[in-house]
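Q: Could you walk me through the pockets and the surface of this one?
A: Gladly; here is the structure to look at first.

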Amino acid sequence: PYPEVFSEKIVRSLKLGLTLSGKDTDTFIAPSYQLSTNSRWNEMEEFYFPNVIGLGDVVSTPLDLVVIVRSLFHSKLITRESLADMKPIGEETFGKGMMQFTTSGKLFYGHGGDTFGTSSLALYNPDDDLSIALSINGKSISRNELLKYVSAIIYGTEYELPEYPAVNENKIDTRIFSQYEGTYSSQEPPISFKVFLDGEDLKVEQYRQPILILEALTDRKFINSVAKCEWEFAPEDKKLYLWQHGKEFEFMKE
């Protein structure tokens, strides 16, 4: 069985203290959290680990992730020939279970993943023999953005932390958000998405994209910290305005 192979070949081989397959037990799993529309950190429901064997079921810590990725490159888990076969070729981003990342002008190899409110990353820079691992269980900043700041601190390059709008500290009656529910579309860009209430959370769903929870600034204005976008509803005109990356977009309610 997969958990037994994982335990024998990786966990016991590297003497890892806090890494295991989630199928074995969930006693070590820390809760994950998600920002609600009213800016509260709500605990997320965990998924059923036996359904994700080999993909998203491993529980670990940043320290153990560093040990794993370093051991991979120091031939403690696989041969150098197998490692070379995993790496992306030339300008490719994706290899066989391994990606390449450039941050602070440095080339790293590794992989990242997201599952139900958690986000992790384990990278290695062969030139500097340097490893970076991140584990996040409640995002108000993207994983790649956090990596940018961490690597800048490590390598002494310039960086400027982002300034996020102040989120409304007063709880808003989310029942008024029902007037915003519906499908919105635009000709430029030619996209559409669905806005809907899920309990007390106002959410946005676009085809084949992650569902976003809108964080309320006022009863009309919202942000999503991770996606770095701002939304404003104008129900009297059946319009929605979206600001992202310095650009403004207008959407009509169908």
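**Pockets and a surface patch**

Q: How much space lies in the second largest pocket?
A: In this predicted model, the second largest pocket holds about 910 Å³ of space.

Q: Which residues are closest to its centre?
A: The second largest pocket is lined by 34 residues, and P210, I211, L212, N224 and V226 are the ones closest to its centre.

Q: And which elements give two or more residues to that lining?
A: They are strand 2 (33–35), strand 6, strand 10 (190–198), strand 11 (201–205), strand 12 (212–213), strand 15 (229–234), strand 16 (239–244) and strand 17 (247–253).

Q: How do the residues of that lining divide?
A: There are 20 nonpolar, nine polar and five charged residues in the lining of the second largest pocket.

Q: OK, what about the largest pocket, how much space is there?
A: The largest pocket contains about 1500 Å³, and among its 44 lining residues G56, V58, S60, L65 and S120 lie closest to the centre.

Q: Which element gives the most to that lining?
A: Strand 6 does, with six residues, while helix 1, strand 4 (58–59), helix 2 (62–73), strand 7 (118–125) and strand 8 (130–136) each supply at least two.

Q: And how does that lining divide by residue type?
A: The lining of the largest pocket comprises 24 nonpolar, 16 polar and four charged residues.

Q: Switching to the surface, which residues make the nonpolar patch?
A: Y2, I53 and V58 make a nonpolar surface patch of about 220 Å²; Y2 lies in helix 1, which spans residues 2–14.

Terms used: Residues numbered from 1 in each chain as written. Predicted model: local features only at pLDDT ≥ 70, side-chain atom pairs only at ≥ 80, totals over all residues. Heavy atoms only, no water. Patch = residues over 30% accessible without salt bridge, like charges linked within 9 Å, V, L, I, M, F, W, Y side chains within 5 Å. Areas by Shrake-Rupley, 256 points an atom, 1.4 Å probe, with all protein chains shown as cover. Salt bridge = Lys/Arg side-chain N within 4 Å of Asp/Glu carboxyl O. Helix = DSSP H or I, 4+ residues; strand = E, 2+ residues; numbered from the N terminus. 1 Å grid on protein atoms, 1.4 Å probe; cavity = no way out; pocket = protein on both sides within 12 Å on 5 of 7 lines; lining within 4 Å. Points joined across faces, edges and corners; volume = space filled by probe spheres on them. Nonpolar A, V, L, I, M, F, W, Y, C, P; charged D, E, K, R; others polar.
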